[in-house]
Amino acid sequence: PQYRQLNSAVSDLEKRLLMVGEKSEMLPSKEFMLIKVLSDDIGKVYEKNFLLETVWGIDSSFESNVLEVTMGNLRRKILSLGADFEIKNMRNSGYWIE
């Protein structure tokens with residue numbers, strides 16, 4: 001299997017699992033794609049439009065809060081696993097892993 005290390009967390013790229021110690025959470029495909037993109041370059045700020053196009057395949061003119069809702073769900077799962085990283089965001093800038 002392919003794995004990606006995120007500080008204390010590990011993601012299993014084939015099973016869409018996020019693991020921290022003994023805890024693991026299978027992520028829905030969009031949440032997993034988000035964590036995969038954000039972890040490509042830890043600390044890099046990814047613009048909302050880029051994430052919408054990459055993960056959902058929709059252009060930036062699409063009016064929806066789908067990214068914010070999905071990001072909120074993902075953040076809650078990361079917190080419940082006890083991971084030592086966070087997904088941060090800054091209005092009009094984007095999202096990044098810190």
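These legends describe close-up views of one predicted model. Residues are numbered from 1 along each chain as its sequence is written, and side-chain values use heavy atoms, with hydrogens and water left out. In this predicted model, local features need pLDDT of at least 70 and side-chain atom pairs count only at pLDDT 80 or more, while totals for chains, interfaces and linings use all residues.

**View 1**
E31 lies in helix α1, residues 29-38, where helices (H or I, at least four residues) and strands (E, at least two) are DSSP runs numbered from the N terminus. With a relative accessible area of 5%, E31 is buried, and K77, at 19%, counts as buried too; buried means under 20% relative accessible area, exposed over 50%, and partly exposed in between, for a 1.4 Å probe and protein chains only. Leaving aside neighbours within four places in sequence, E31 is in contact (heavy atoms within 4.5 Å) with T70, N73, L74 and K77. K77 also forms a salt bridge with E31, the closest N and O atoms being 2.8 Å apart, a salt bridge being a side-chain nitrogen of Lys or Arg within 4 Å of a carboxyl oxygen of Asp or Glu. Because K77 lies in helix α3 (residues 66-81) and E31 in helix α1, the pair ties together parts that are 46 residues apart in sequence.

**View 2. The salt bridge between K48 and E68.**
The side chains of K48 and E68 meet in a salt bridge, with 2.9 Å from N to O. K48 lies in helix α2 and E68 in helix α3, so this pair ties together parts that are 20 residues apart in sequence. K48 counts as partly exposed at 32% relative accessibility, and E68 counts as partly exposed at 31%.

**View 3. The salt-bridge network of E86, K88 and E98.**
E86, K88 and E98 are linked in a network of salt bridges; within this network, E86 forms a salt bridge with K88, the closest N and O atoms being 3.8 Å apart. E86 is partly exposed at 45% relative accessibility, as is K88 at 26%.

**View 4. Residues lining the largest pocket.**
Among the residues that line the largest pocket are K48, E68, R91 and Y95; a pocket is an open set of points on a 1 Å grid over the protein atoms alone, where a 1.4 Å probe fits, with protein on both sides within 12 Å along at least five of seven lines, and lining residues have an atom within 4 Å of a point. The elements that give two or more residues to this lining are α2 (48-56), β5 (87-90) and β6 (94-97).
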